[in-house]
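Visitor: Please show me the model, and then I will ask about it piece by piece.

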Amino acid sequence: MNTKGSKKRLLEFLLANVGRIVDSKDLYEASGGASEWGRRVRELRDEEGYPVLSHKDRADLKPGQYLLESTKRRPAFRRGISKETRAVVLERNGYTCQMCGIAAGDQDAFNPARTIRLTLGHIIDKSKGGEDTPGNLRAVCTNCNEGLQNIALPKPARIHLLAQIRRATIGDQRAVLEWLQKKFSTTGNTNRPA
Ligand SMILES: [Zn+2]
């Protein structure tokens, strides 16, 4: 899919619907069926300064709903997150979505042909003054980031977690062991709590 083409189509669609709430299905279709439409919308917002609002900005918007508030562009944000910061945060979070717990490379439940990709989310949103610093960033999967799943699972209590693992099949226990070994064997790993 041509990136420029899908972004241009998304912008034209948003401009034709300024002040009107659109949803992710509309945007997906407007983009010409681009799998990366969410990323293109974020680029329009973060790099080109179009005020595209989501449920993170306005309480009356539901997850998956978007609103181009006006045609007036803000000065584009600087593209702040460096490769180094990204690597530090992903490593700290064990390459795992800090909202739903899914890991990079797991199968994507919303699109079984794809695997999960992680992106960085702001703990305090940029619109509320949050910065692009490692302390304000966490790994989130693209589904959580786009509000496709409206869940932030509470962290499981240790006693329940261990009980689940004890009940799991040997194969699943081995998978847990392998994942933990991988997580804790990386050099210089300083896994601080998420
Ligand atoms: Zn997630």
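Visitor: Is Y95 buried or exposed, or partly exposed, and with what relative accessible area?
Guide: This is a predicted model, in which local features need pLDDT of at least 70, side-chain atom pairs count only at pLDDT 80 or more, and totals for chains, interfaces and linings use all residues. Residues are numbered from 1 along each chain as its sequence is written, and side-chain values use heavy atoms, with hydrogens and water left out. Buried means under 20% relative accessible area, exposed over 50%, and partly exposed in between, with a 1.4 Å probe and protein chains only. Y95 is partly exposed, and its relative accessible area is 41%.

Visitor: Where is Y95 found, and what is its phi?
Guide: Helices (H or I, at least four residues) and strands (E, at least two) are DSSP runs, numbered from the N terminus. Y95 is found in the loop between helix 4 and strand 4. Most residues other than glycine have a negative phi. Y95 is not a glycine, yet its phi is positive, near 55 degrees.

Visitor: Which residues coordinate the zinc ion?
Guide: Donors are N, O and S atoms within 2.8 Å of the metal (3.2 Å for Na, K and Ca); water is not among the atoms, so sites may look incomplete. At 2.3 to 2.4 Å, the SG atoms that coordinate the zinc ion belong to C97, C100, C141 and C144.

Visitor: Why is the arrangement around the zinc ion called tetrahedral?
Guide: Four donors count as tetrahedral if all angles lie between 85 and 135 degrees. The ideal angle for four tetrahedral donors is 109.5 degrees. The arrangement is tetrahedral because the four donor atoms around the zinc ion subtend angles of 104 to 117 degrees.

Visitor: What spacing do the donors follow, and how many residues apart are the parts tied together by C97 and C144?
Guide: Along the chain, the donors of the zinc ion follow C-x2-C-x40-C-x2-C. C97 lies in the loop between helix 4 (83–92) and strand 4 (118–122), while C144 lies in helix 5 (residues 142–145), so the pair ties together parts that are apart in sequence by 47 residues. Both C97 and C144 are buried.

Visitor: In what order do the three strands of the open sheet lie, and which residue is the bridge partner of V52?
Guide: Two strands pair if DSSP finds at least two bridges between them. The three strands of the open sheet lie in the order 1-3-2, with antiparallel pairing. Strand 1 (21–23) and strand 2 (52–53) are the edge strands, each pairing on one side only. Strand 2 and strand 3 (residues 65–68) pair over two bridges, and the partner of V52 in strand 3 is L68.

Visitor: Which residues does L14 touch?
Guide: A nonpolar core is a set of buried Ala, Val, Leu, Ile, Met, Phe, Trp, Tyr and Cys residues joined through side-chain atoms within 4.5 Å. The largest such core has 13 residues, and L14 is one of those that touch the most other members. Contact means heavy atoms within 4.5 Å. Leaving out residues up to four places away in sequence, L14 touches V22, L27, L44, V52 and L68.

Visitor: Which residues does G105 touch?
Guide: G105 lies in the loop between helix 4 and strand 4 and is partly exposed, with a relative accessible area of 47%. Its C-alpha is 9.0 Å from that of L118, which is 13 residues apart from G105 in sequence. Not counting residues up to four places away in sequence, G105 touches T115 and I116.

Notes
Four donors count as tetrahedral if all angles lie between 85 and 135 degrees; four count as square planar and six as octahedral if opposite donors are over 155 degrees apart and all others between 65 and 115; anything else is irregular.
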